[in-house]
Structures are given as C-alpha cells and as structure tokens.
Amino acid sequence: MMLFAQLSDVHLDLGDRAAGRASRIAAHLDGLPLDAVLVTGDIADHGEPAEYEQARKVLASRHPLLVCPGNHDARGPFREVLLGEPPGDGPVNRMHRVAGAVFLMCDSTVPGEAHGYLDDETLAWLDRNLAENRDGPAFVCFHHPPVALGAPYADEIRQFGEERLARVIERHPQVVAVLCGHAHTAAATTFAGRPLLVAPGAASTLTFPPRGAEAVDRGAPPGMAIHLLDDEGRLTTHYRTV
C-alpha cells in the first residue's frame with residue numbers, strides 16, 4: 001500500500017496570506033503517514049528567487065517532496081533556489097522512485113505563456129523513462145490539465161498538443177494515473193484511458209460553474225488530494241480542506 005499527498009497552486013508571493021494557507025496544508029500533511037508529497041506547479045506567484053526561498057521554508061516536509069513548475073514559475077530560479085541546481089532555461093523534468101513507484105514530474109510550461117505544452121524533449125524523456133521502469137506503478141505528473149474541464153477560464157490555458165502525450169501513455173500500461181493542478185479545482189476525469197486527477201488550489205478555489213468576475217473564491221479553505229494505491233493496484237483519491 002502507498003499513501004501520498006498532492007497539492008498545487010500555492011502561489012507564494014512573500015505575503016502572509018498565501019504562506020499561511022500553504023503552511024496549514026504542510027502542517028496537516030506532516031501529521032500523516034505519507035510516502036511522499038507532490039506539488040504540481042505554481043509554487044511561486046512571480047517566479048522570483050525570494051519566493052522560492054519562502055517556498056523552501058513553508059513547504060519543508062519530513063516526507064519526500066516532489067515538485068514540478070507551473071506557468072507562474074520561472075525555470076532558472078526554480079532550479080537554483082528550490083532544487084539547489086545550476087540555473088538553466090530547459091524543461092525541468094525529474095524522475096523519482098518512492099516506495100516502489102515511479103513519479104515522472106514533467107515540465108508542461110511554455111516560458112512567457114499561461115497555457116501548457118509538453119515539448120518534444122520532455123515527451124522523449126517521459127517515454128524513455130517509462131520504458132526503462134516497467135517493474136512497478138508509475139504516475140505522470142505536470143501542471144496543466146491536458147483536457148477541458150468545463151471551466152472556460154481554465155480551459156483556455158490548459159495543456160495543448162495532448163494527442164502526443166496520449167500516444168506515449170498508451171504505450172505504457174504501468175501508468176496508474178495522470179496528476180495535475182492549474183485549474184484551482186478538485187476534479188476527476190480520464191485521459192488516454194487512465195484517471196486524470198486535478199488537485200485543488202492551495203491559494204484559491206475556482207467556483208463551479210464559474211461566475212464571471214467572481215470565478216475565483218479566495219475565501220474557500222485550502223485543499224489537497226490524498227492518493228491511496230492499494231496492494232491490488234487500485235487508486236483511491238480523497239480530497240480534503242484544512
């Protein structure tokens with residue numbers, strides 16, 4: 001059995017509001033017997049180095065912390081400050097093996113744009129790592145949902161070129177689910193024959209159905225997803241707020 005958490009869209013901006021909401025989630029998760037904590041993008045609000053310094057403190061966890069960037073993040077500072085690596089402009093793609101499962105944290109960002117797209121380098125990296133790790137369950141993770149969710153504001157800036165990703169996933173039966181964020185709403189659908197699970201926003205919540213200028217609710221409590229993979233390979237997801 002494997003238990004892991006997913007949060008997304010914390011939008012740390014050096015202010016108290018976003019940091020307080022993310023800290024509430026982090027404190028709650030530290031009390032759970034988790035194998036890992038995933039953060040699927042938009043960790044910083046403006047991609048500034050100081051915001052990633054804040055993230056290192058706010059998101060610090062006793063559990064393995066697996067991250068990927070979102071459209072509000074900047075690859076250079078993300079790498080240098082959050083990951084402790086040399087800065088660079090290429091996609092931030094990382095593979096992690098945790099408790100017998102493989103997590104492919106993919107960079108779906110398009111620098112300077114709000115929408116998402118997995119470039120050829122990232123898709124080749126994903127395909128290769130899935131091919132080399134067939135001995136256990138795998139999770140494909142990124143920021144932008146590759147399908148429309150029925151929420152116009154989010155759908156206009158979702159991940160495009162998704163048919164290319166679908167072909168990769170279809171080649172690898174060990175992929176249990178696709179995990180993402182970006183939409184600021186807890187949602188579940190399917191993609192390439194697998195569950196597609198969207199984490200709620202930590203910083204704010206998308207109203208549904210969206211209500212024009214009031215499409216984002218900043219007062220709703222911050223949320224997270226708790227994913228349970230049982231010994232039979234069945235995935236169950238619980239959405240919680242704190």
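Helices α1 and α5 (152-155) each supply at least two residues of the lining of the largest pocket. Helices (H or I, at least four residues) and strands (E, at least two) are DSSP runs numbered from the N terminus. This is a predicted model, in which local features need pLDDT of at least 70, side-chain atom pairs count only at pLDDT 80 or more, and totals for chains, interfaces and linings use all residues. Residues are numbered from 1 along each chain as its sequence is written, and side-chain values use heavy atoms, with hydrogens and water left out.

**The largest pocket**

- A pocket is an open set of points on a 1 Å grid over the protein atoms alone, with protein on both sides within 12 Å along at least five of seven lines, and a lining residue has an atom within 4 Å of a point.
- The largest pocket holds about 400 Å³ of space, a volume being the space filled by probe spheres set on the points, which are joined across faces, edges and corners.
- Its lining comprises 21 residues, and His 11, Asp 45, His 72, His 184 and Ser 204 lie nearest the centre.
- By class, this lining has 9 nonpolar, 6 polar and 6 charged residues.
- Ala, Val, Leu, Ile, Met, Phe, Trp, Tyr, Cys and Pro count as nonpolar, Asp, Glu, Lys and Arg as charged, and the others, Gly among them, as polar.

**The largest cavity**

- The structure holds 1 cavity of 30 Å³ or more, a cavity being a set of grid points where a 1.4 Å probe fits but cannot get out.
- About 80 Å³ of space lies in the largest cavity.
- Elements giving two or more residues to its lining are α1 (16-30) and β2 (36-40), and α1 provides the largest share, 5 residues.
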